Amino acid sequence: MSERNLTDPDYYLNRELSELAFQERVLREGMDERNPPLERLRFLAFFTKNTDEFFMKRVGGLKQQIDAGVTETTADGRTPEQQWTEVLEKARPLFREQSEYWRTVLRPALADEGIEIRTPDELQADTQEKLSTHFEESILPTLTPLAFDPAHPFPFISNLSLSLAVLSSNDTDEPTFTRIKIPPNQPRLVTVPNAGGQYVLIEDLIEANLDLLLPDLEISDVSKFKVTRNAEVRRDEEVAEDLIDMVEEVLEQRRFATVVRLEVDDDMPEESLSILKTQLEVDDSEVFHRSGPIDFEDFFELVDLDRPDLKPPEWTPKPHPRLGSVTSDGQDGTNDIFEEIRAGDILAHHPYHSFEGTVQRFLHAAANDPDVLAVKAAIYRTASDSKVIQSLIDAADNGKQVAVMVELKARFDERNNLEWVRQLEEEGIHVAYGTVGLKTHTKTALVVRQEDDGVELYSHVGTGNYHSGTAKGYSDLGLLTADRDIGFDLTKVFNFFTGPTLDDRFRKLLIAPVTMRERFTEMVRREAEHARAGRRARIVVKVNGLEDPSMVEELYRASMAGVEIDLIVRDICRLRPGIEGVSDNVTVHSIVGRFLEHARIFYFENGGEPRWYIGSADWMTRNLDYRVEAVAPVEATELREQLRFILEASLSDNRRRWVMGSDGSYERAPADDGPVRDVQEALMAATETALDRGYGPGIAVDPDLVEEELLVEDVGEEEPDADSADPDEIAPDDDGGRPRSDGGDASVFDAYAERWYRPDSDTYGWAVRTTDGERRYFRTRDGARRRLRAEYDDSEDRDEE
């Protein structure tokens, strides 16, 4: 076969369209009748929140490139203008579906359950009067009508603000356009008096009482609209005198940035629409006509109602079995956390495990332990009332050396992070808040502790932020370890935050932007070499995004070499699976569930010597080249078993999993005739079971729940006896499973026929299932026979005794 040109644009999906495909999957969850009504509403609200950010960041960036005259094409061969056009065309029907589903299905379904969104004119006269009184007393004073006429310039429309466009006139004047901003500091859902479970939208209440706000005017039309502005505002960091000043200026510029989307009522008259298009400088393709509510994000308020009958069963994060129960502040615990980490690495899995009982407890203990000398942490996002930050402040107050990296450029968290920088610096803590040309995205913490046998280093390497709020809704992993190599590597990383350079020599961690791309590339190529040599070769990667063209090309080459590849990619994926001769061996999965899948896990089979990693980095160019990221090896067998359970339960999910076609479209994973397999439900059950069992692993791995194909330990092989029989003496029968036997030595295979099988491998001829749920592979029949006898003959003799 001739060499393929793997840079051909036909082999790559578009990044922006791939992200929209993810938003479509979120929308589909909001329309899935298997979800209870308030859960469906939650997904509709998330669809609004996510697409708002998508337009601010991605569409805003495309429009910025178009205005700058950029015509360079992406890996998929599209110019910025081509992408912009296709994105707007793809997004339009999604918004229509959201509105239509709300109007025809979900709103009536909620009304049947006693949760009703009414309009004022649907209510009885006395109720309308009470609402009118509420409007006059509580809402009217907060409103400011802004007219647009020769005496008044067109008002500034802030980003994501919901407004009313009012056309009015009196006896002599031409129609006047007036903008009324819906006050963001008032509840969007106004409770109907004496009617439990009934609400009116504040914009509808304002419209119904415009005679009080605009008296003596003839109102000819009232329409709602919402403006989305570009958030992709940048300044040159290298010429910025102060990074804090630069970030503050960027925040100010965003307020006045270019409009990238205008959402309007379906029936907005041309006169109002023309004024908005002209003054906001948008064209027809950027106008989205909506029926029903324009903004669903405020409906999260309904999702929070105390109606458990309309939601999935509530989940409360559990204590880790090795750490015991803690209070909300994380200061109490059954076991000393440093002693536990010394005894063996701990894997925390949020929101299945409590953030307060694991990560927060680790930092709280460090702040208050008299033997701790120093605490260091990298903060990308954190809660507005962060106990993590308070622990760092407590550590400084208690005389520890404290160094904190706060990433000021964390998009949409800049203002919150600025406040934390100021508070930390006021406490005398050394704060680094950014590096030129890089974002710090790593989620790491380091504790230095004086112990009897010297200084010990305790590390946390996570996949998610130090944010107690998102830890209840994002699925993330964190490794707590006393591994000195990891501790020394983190020391170098934190020295970079405050020092002049980033070392490129690390013992165990993969660090972007210096070693991570090279090491991941080496590992993918190594799998390809194993496959060519007939050795075990498989890659399973779970990330949020796979966008980097170079990594896609490496995966194509590995697939062409025969490596079986499963990619669990929640969001963006450039790779096209199922291309004949290129990606036949690649399957792309995506899981959309009640928790946002955010953990990154990397598995390389490596010829029977498996390698497992977790960390903060996706396989996107920005993560590999333009961010400081950390990925750590997971070496403990017990923890690898937990990671294997997560991956295999994900790959066998038939409830929340989607599978990508080679054209970039997704279909739900087919539901077979067996039981429903929901990976997140399985992990909740496994976490509860582990807690019930008491001290031990954080996840109770159920070997009967999933196929245990992934390796957690090196494959063992036993040498054959000198007088071993010909391996062909026992051959599989027609169904490929049980052997024919003439008794004697072969009888152990008949006696334990369910405990062995012939693997699909050119290297190993036999596989034995061991009593502890593992698998051992052998090249010879005699090796397999001895293992069967050792595992089962001896164990049964002991049972009889």
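Is arginine 570 buried or exposed? In this predicted model, arginine 570 counts as buried because its relative accessibility is 13%, below the 20% limit for that class.

**Positions listed by UniProt**

- The unreviewed UniProt entry lists Asn50, Tyr474, Arg570 and His598 under "binding site".
- Of these residues, Tyr474 is included in the lining of the largest cavity.
- Asparagine 50 belongs to helix H2, which spans residues 37–67.
- Beyond the residues up to four places away in sequence, asparagine 50 touches Phe22, Gln23 and Val26.
- Arginine 570 is placed in the loop that runs between strand S20 (564–569) and strand S21 (586–591).
- When neighbours within four places in sequence are left aside, the contacts of arginine 570 include Phe22, Arg25, Val543 and Asn544.
- Arginine 570 is also in contact with Ser590, Ile591, Leu596, Glu597 and His598; His598 is itself listed by UniProt for "binding site".
- Phe22 is touched by asparagine 50 and is also in contact with arginine 570.

**Glutamate 554 in helix H16**

- Helix H16 (residues 549–561) contains glutamate 554.
- Glutamate 554 is classed as buried because its relative accessible area is 12%, and the class requires a value under 20%.
- Its contacts, not counting residues up to four places away in sequence, are Thr521, Val524 and Arg525.
- Glutamate 554 and valine 524 are 30 residues apart along the chain, yet their C-alpha atoms are separated by 6.7 Å.

- Leucine 164 stands opposite lysine 224 in S7 and opposite isoleucine 180 in S4.

**Helix H8 and its cover**

- In helix H8 (residues 270–280), the buried residues are Ser272, Leu273, Ile275, Leu276, Lys277 and Leu280.
- Residues three or four places apart in an α-helix point the same way, because there are 3.6 residues a turn.
- The cover over the buried residues of H8 includes strands S3 (162–169), S4 (176–181) and S7 (218–229).
- Strands S2 (146–148), S8 (259–265) and S9 (287–290) are also included in that cover.

Terms used: Residues are numbered from 1 along each chain as its sequence is written. This is a predicted model: local features need pLDDT of at least 70, side-chain atom pairs count only at pLDDT 80 or more; totals for chains, interfaces and linings use all residues. Side-chain values use heavy atoms; hydrogens and water are left out. Buried means under 20% relative accessible area, exposed over 50%, partly exposed in between (1.4 Å probe, protein chains only). Helices (H or I, at least four residues) and strands (E, at least two) are DSSP runs, numbered from the N terminus. Contact means heavy atoms within 4.5 Å. UniProt positions are given in the numbering used here, feature names are shortened, and annotations may be inferred rather than shown by experiment. On a 1 Å grid over the protein atoms alone, a cavity is a set of points where a 1.4 Å probe fits but cannot get out, and a pocket is an open set with protein on both sides within 12 Å along at least five of seven lines; lining residues have an atom within 4 Å of a point. Two strands pair if DSSP finds at least two bridges between them.
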